[in-house]
Amino acid sequence: MTTPQAPAPHELAALRQRYRLERERRVRPDGARQYRGTDAEFGYYAADPYTASAERDPLHDTVDVAVIGGGFGGILAGARLRQRGVERIRIVEKGGDFGGTWYWNRYPGVHCDIESHVYLPLLDETGYVPEWKYSPGDEIRRHAVRIARQFTLGPDALFSTTVTSLAWDEASEMWIVTTDRGDAFRARYVVEATGTLTDPKLPGIPGIEDFTGHTFHTSRWDYAYTGGTPEGGMTGLADKRVGIVGTGATGIQVIPMLAEDAEHLYVFQRTPSTVDVRANRRTTAQDVSADSEDWARKRRENYLRIVSGEDVEQDLVADRWTASAGLLEKLHPSFRRPDDRKAFEAAYEVADAAKMNELRARVERSVTDPDTAEKLKPWYRYACKRPTFSDLYYPAFNRSNVTLVDTADTHGVERITESGVMVGGITYELDCLIFATGFSVGASSIGMGKLPVHGRGGVQLLHGWAQEGPRTLHGFTSNGFPNLIQMGPLQSAVSVNFTHVLDEQAVHAAALIAAAEAKTAVIEPSRASEDAWIALLAEDAPDHEWFHAECTPGYYNAEGRGKPNGPTAYPHGAVAFHELLERWRDESMGEVLQARSAPPADV
Ligand code: NDP
């Protein structure tokens with residue numbers, strides 16, 4: 001491991017200048033509008049390649065809780081509700097099985113880059129011990145199914161089904177849930193857990209529809225064409241010229257696998273990622289303290305504290321995330337307002353430059369061709385882009401069958417033709433073109449306007465929000481929308497270990513529902529409590545816009561606009577948020593429980 005060297009003042013000035021130039025090479029006037037969705041004529045990019053949708057009759061029955069989304073958010077909500085004794089829980093999921101992100105993303109090389117012992121939820125409860133420090137996607141997907149099985153969430157689940165609307169029925173005090181499979185069932189409560197980065201997006205490159213070779217998005221991997229499995233062995237590519245667009249967290253994992261198997265691989269890069277040491281290894285006895293029943297809970301709490309910038313006695317995970325924790329604060333809304341801001345920013349810049357120098361030195365050490373190495377160096381501050389980790393990525397560029405094509409000067413791939421990809425006037429002839437171009441960014445399917453919600457008096461949730469901005473209490477509940485609980489980052493906490501946050505949210509959702517059941521009440525916050533919550537978020541809002549404004553474009557800064565993308569989150573970090581929720585459940589939960597007017601029977 002290299003020790004980061006503190007840069008001299010003149011180096012800092014040169015770096016600032018270089019970062020500015022590199023940002024200017026990439027900022028585009030069309031910002032986020034440069035992308036196109038995978039709907040309408042591009043709908044085939046989002047189709048489910050893993051499960052055929054089975055015929056079934058539409059449902060018109062009644063359940064206790066409808067959970068929208070069968071990823072970790074929905075599964076955890078189901079598990080925590082079961083622990084509270086709730087009986088009829090129906091998870092509705094677009095994919096053909098549980099798993100969410102890990103159902104869809106099965107590309108070769110797929111792993112979770114957060115340590116498995118803190119990322120995989122309910123390890124203490126299921127007794128499962130991950131095999132690797134960083135789990136392959138398949139192990140994570142199987143764990144999602146394991147949780148669903150242990151908490152009997154499968155029998156009532158609806159797969160290959162998308163919820164199309166929610167409407168509150170005042171007379172029965174229930175939600176009417178309609179789907180794209182003709183269902184119209186009732187639920188006393190709805191928990192929405194549809195996730196944030198779910199809809200694959202494509203670059204709006206001119207001519208994208210003209211390509212006549214084979215093409216797909218990484219989140220819908222076409223093994224029928226490539227052959228092989230997530231472990232590799234893609235024999236179908238042995239005689240193929242393959243192009244891949246995108247070098248984000250996904251591209252970093254899949255490119256070494258394609259390099260192994262394709263006849264020739266062209267990597268079309270616009271912005272290089274930071275690629276830090278991975279050092280994956282088998283789980284050891286030290287990772288899993290056999291003498292503790294709740295070793296996983298302790299470990300993930302330790303991790304959350306570290307990546308939230310808090311002090312701990314011991315770093316149990318000890319990886320490159322935790323080692324860089326001081327430079328991660330800007331990913332979080334907990335970016336504090338320092339007393340001496342100038343001194344804080346200066347120290348921050350020095351630490352940042354040392355880290356980035358270390359990462360650029362790693363490229364030089366790993367890539368033999370100096371020109372290729374130069375193109376792979378990231379010139380921006382750490383965590384302007386999602387940090388990535390791999391020990392296989394840079395060596396892939398030493399292979400004779402791999403060509404790196406830098407597209408920064410043309411703001412990305414210039415044009416796609418019938419037979420290939422054009423950059424700087426050169427056409428690269430391809431048999432197969434793969435898009436590792438990420439996902440549409442939004443708080444949830446409700447927040448993105450894909451799922452209309454009609455509450456009391458038929459009022460549409462987003463209509464109100466469009467006028468006044470999002471309104472919630474703690475991110476979960478909204479006035480006028482009783483018994484609807486939203487999970488996700490909106491006005492809630494965020495962390496790089498998102499499953500931890502989701503589990504705390506699931507615990508909270510289950511507690512709310514259990515309390516409403518015990519008191520024969522509906523869950524609905526007053527406007528005054530929403531006002532107080534929103535005021536708290538605004539008052540203590542983090543001051544990190546200056547940082548994002550100087551960053552290279554990406555979804556963290558709304559493609560270069562500067563303002564951090566996404567919804568406002570709780571400003572004091574996930575640890576404080578979880579403590580706040582626990583206190584509120586003990587002392588104040590009654591404030592959102594309103595007397596029911598309709599009998600809680602099936603209608
Ligand atoms: P990203 O949005 O991070 O990356 C998209 C890539 O496509 C970028 O390299 C982008 O370049 C490139 N691109 C877009 N348009 C063009 C164009 N016109 N020409 C050339 N290149 C283009 O998507 P990912 O799927 O990589 O990652 C999305 C998120 O998913 C991650 O940020 C992470 O949160 C999550 N993830 C997590 C993993 C984990 O292990 N936990 C693994 C994989 C993903 P540019 O940077 O210049 O915009």
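Trainee: How many salt bridges does the structure hold?

Mentor: The structure holds 52 salt bridges, where the term requires a side-chain nitrogen of Lys or Arg within 4 Å of a carboxyl oxygen of Asp or Glu. This is a predicted model, in which local features need pLDDT of at least 70 and side-chain atom pairs count only at pLDDT 80 or more, while totals for chains, interfaces and linings use all residues. Residues are numbered from 1 along each chain as its sequence is written, and side-chain values use heavy atoms, with hydrogens and water left out.

Trainee: Why is the pair Glu 349 and Arg 16 called a salt bridge?

Mentor: The N to O distance between the side chains of Glu 349 and Arg 16 is 2.7 Å, and the limit is 4 Å, so the pair qualifies. It links distant parts of the chain, since Glu 349 belongs to helix α11 (residues 341-366) and Arg 16 to helix α1 (residues 9-26), 333 residues apart; helices here are DSSP runs of H or I with at least four residues, numbered from the N terminus.

Trainee: What makes Arg 386 and Asp 113 a salt bridge?

Mentor: Their closest N and O atoms are 2.8 Å apart, which lies within the 4 Å of the definition, and therefore the name applies. Between domain 1 and domain 2 the count is one salt bridge.

Trainee: Which residues make up the two domains?

Mentor: Domain 1 comprises 9-37 + 204-278 + 339-435, and domain 2 comprises 62-199 + 441-540 + 573-595, with bounds that come from an automatic or database domain assignment.

Trainee: How many residues of each domain are in contact with the other?

Mentor: With contact meaning heavy atoms within 4.5 Å, 16 residues of domain 1 touch twelve residues of domain 2. The buried area, which is the accessible area (1.4 Å probe) that two parts lose on being put together, summed over both, is about 1300 Å² between these domains, and carbon and sulfur atoms give 50% of it. On the side of domain 1, Arg 220, Gln 253 and Arg 278 lose the most area to domain 2, together 43% of what that side buries.

How values were computed
Helix = DSSP H or I, 4+ residues; strand = E, 2+ residues; numbered from the N terminus.
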